[in-house]
Each structure stands twice: as structure tokens, then as C-alpha cells.
Amino acid sequence: MIVAMQENATEDQIFAVIETMEEAGVSVHRTTGASQTILAGVGPTAKIDLGIFEVLPGVENVHRISVPYKLAGRAFRPEGTVVEFPNGAKIGGKQVAIIAGPCAIENREQIFTIAKCVKDAGGQFMRGGAFKPRSSPYSFQGLGIPGLELMHEAAEANGLMTVTEVMEISQIEPMMPYTDCFQVGARNFQNFNLLRELGQVRKPVLLKRGIAATIEELLLSAEYIMAGGNYDVILCERGIRTYETATRNTMDISAIPVVKKLSHLPIAGDPSHGTGRRDMVPPMAKAAVAAGADAILVEIHPNADKAASDAAQTLYLDQFQKLITELRVIATAVGRTL
Ligand code: PEP
Ligand code: MN
């Protein structure tokens, strides 16, 4: 259930409503918007008489939520979520954020060269995997924590935030000092124990859509994180598996406007994993921005063809610089900045 408070509701009135909701046996998640406070009640709400709440002082309206994702649904934050980072960067506002970096952190020179390039291009976030989920156990598995130390140092030197994949609960704690945003990859997007644990963390989570996931399943996975009180979730469309073999995955651009309608959470487009092909990355990045993506995540490398993982979909640095220039034009055309 959702209780929308009046714009001028006082804190005392809000607390009284929270108390009444808790007495009715539901747990309350509060979001304080620019103009309105919204209280979401999660739990056995089916038998509750909503009329009790409608007459409480300060209440504007009360309604039941029929979608299974109460906290990830639009109604919880009608104005949309903006995830803010310690360096002032935001994902979900007017500006389209740029998250770029190698598939995997490989060495000091690689990661410092890339960090400078991202900064010079006007990006705010650098990505790089240290724990890599590889289809084959014999492929490069990532440098682990020493790799994250390198990326953190490079990011700090360039005023960037870091985004990196966490594969299991035991990695969260050691990753914490080097990570500004935990990425949950397509293979782990329904690892519910991991999602619950990330609900306890107070750092943003970038949640990728699973290879065969519906949009509803993506939003339910976000709900797992939010149910723990971590509302800073960024969704990511990274392509789904279909019968098409011309691209590595089929990038579902329509998922972007669909998610925007169903949810208040920001959504990123990842044309690198979405297509698996370097030549297809720029057009799909542009399509994602045109469709309303709040961030673009791209894999880049100074020696892209020799990248330790995902070489075929990785852009060279000059290709990335050119893409950013082109994306600025698209962003302006759809009323955004970049
Ligand atoms: C990645 O970002 O490098 C990655 C492994 O992504 P995904 O989980 O989307 O395959
Ligand atoms: Mn990759």
C-alpha cells in the first residue's frame, strides 16, 4: 500500500501515520520527495481497511499497489530517483552519466591511461572488473582486490567514482574501501542472498538485467535490494538472449522507456554487452540515450583488440572520445545534458 502525504504534512502527522501502519502489521518505507512524503507499506496489506488511513490528518490519498514491486514501482517516488555520489556525480537527473572502463582491470598502466581518458571526455565514473564471471573456468578471472586498489587509485587521481562487479557476499566487505558502486552482473541478478546483503550496504548498486530476464523480474530483483533499505539502485539494460545470432545479445532498447514508466529507478544502457561488437556499440549507445537512458556504460581499452576479456566489444580510446561528442548531440536533442 502507498500513503501519499499532503505537501504541508507535518513531521508529527507523518510519524502518526507510520505508527498506525506499523500497528496494522506492515513495515514502512519512507521516501521524502521535494514536495511530498510517500509511505510505502510492505507486508500483509490485503486485509487492511484503507479507510482508516484516509482520514488521518495530513494524508492526501491511500491506494493499494497491485504490482509485486512496491518499492521499485513508480508510485513510491513519482518524481524519479536521483542517485548521488560523493564526488557530486548523479545518475537519474537531467545529465546522462558516462560509465566507462575496461571489461577487466589488467595492470597499472592500462587503468591509469583509461581513467585519464574518461575524465578528459567528461565522464564521471570508471568501471572495471576485478572479479570476473567468465563462461569458461580457464579464462582470465580478474585480479581481485589488488586490481581494485589500482582502479581506486586511478579513479581518485582523476576525480572519478568506481563501478565494479561483486559476485558473492564474502567479497562485499573487502571491496568496500575501493568501490563507490557495486555492480551485480547478468549472471547474478537473481542471486537473492547477494541482493539481500546489498540491501544492507549504504552504497549504490548497479543491477544488470539477466540474460533471460523479464522486466518484471529485473524490478523484483531491485525490490530485494530496496527491501533492505538501500534505495540507491540503478538498473541496466545489457541485452538479452534471443534467437538472433548476428549480435552477442539483443539489446532491448524498448526496456528503457518501459522501465521509466513502471519504475522511478534510473536505468543505464550497456551497448557493449548489449551487442558484443565494437562496430555496433556507438549506434546502440546513441539509441539508448535517445530512448531516455540515464547513463551509458561502455567498455574501453587503449589496446582494445588485446583486452584480456570482451575484446571484440571494447572501443579504442579515440572511438570512445568520438562517441561522447556524438552522444552530446543526441542528449541535447532529447532535453538532456551529457
Ligand atoms: C561486465 O560488465 O563486464 C559484465 C560481465 O557484464 P554482464 O554481467 O552484463 O555480462
Ligand atoms: Mn565485459
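Guide: Helices and strands here are DSSP runs, numbered from the N terminus. The model is predicted.

Visitor: In which loop is Asp310 found?

Guide: Asp310 belongs to the loop that runs between β14 (295–299) and α11 (317–333). Its phi is positive, about 55 degrees, although Asp310 is not a glycine.

Visitor: Turning to the ligand, how many residues surround ligand 1?

Guide: A residue counts as near if one of its heavy atoms lies within 4 Å. Ligand 1 is surrounded by 13 residues, and the closest are Arg127, Lys132, Ala186, Lys208 and Arg238. Sorted by class, this shell has 7 charged, 3 polar and 3 nonpolar residues.

Visitor: Which side chains place a polar atom by an oxygen atom of ligand 1?

Guide: The cut-off for a polar contact is 3.5 Å between N or O atoms. Arg238 has a polar side-chain atom 2.6 Å from an oxygen atom of ligand 1. For Lys208 the corresponding distance is 2.9 Å, and for Arg187 it is 2.9 Å. Taken alone, ligand 1 exposes 300 Å², of which the protein buries 98%.

Visitor: What is the count of aromatic pairs?

Guide: Ring centres must lie within 6.5 Å, and planes over 60 degrees apart count as edge-to-face. The count is 3 aromatic pairs. One of them, Phe85 with Phe125, is edge-to-face, with 4.7 Å centre to centre and 75 degrees between the planes.

Visitor: Why does the pair of Phe85 and Phe125 tie together parts apart in sequence?

Guide: Phe85 lies in the loop between β5 (83–84) and β6 (90–91), while Phe125 is in strand β8 (residues 125–127), so the pair links parts 40 residues apart in sequence.

Methods: Residues numbered from 1 in each chain as written. Chains lettered and ligands numbered in written order. Predicted model: local features only at pLDDT ≥ 70, side-chain atom pairs only at ≥ 80, totals over all residues. Heavy atoms only, no water. Polar contact = N/O pair within 3.5 Å; in protein donor to acceptor, adjacent residues only side chain to side chain. Areas by Shrake-Rupley, 256 points an atom, 1.4 Å probe, with all protein chains shown as cover. Nonpolar A, V, L, I, M, F, W, Y, C, P; charged D, E, K, R; others polar. Phe/Tyr/Trp six-rings, centres within 6.5 Å; stacked < 30°, edge-to-face > 60°. Helix = DSSP H or I, 4+ residues; strand = E, 2+ residues; numbered from the N terminus.
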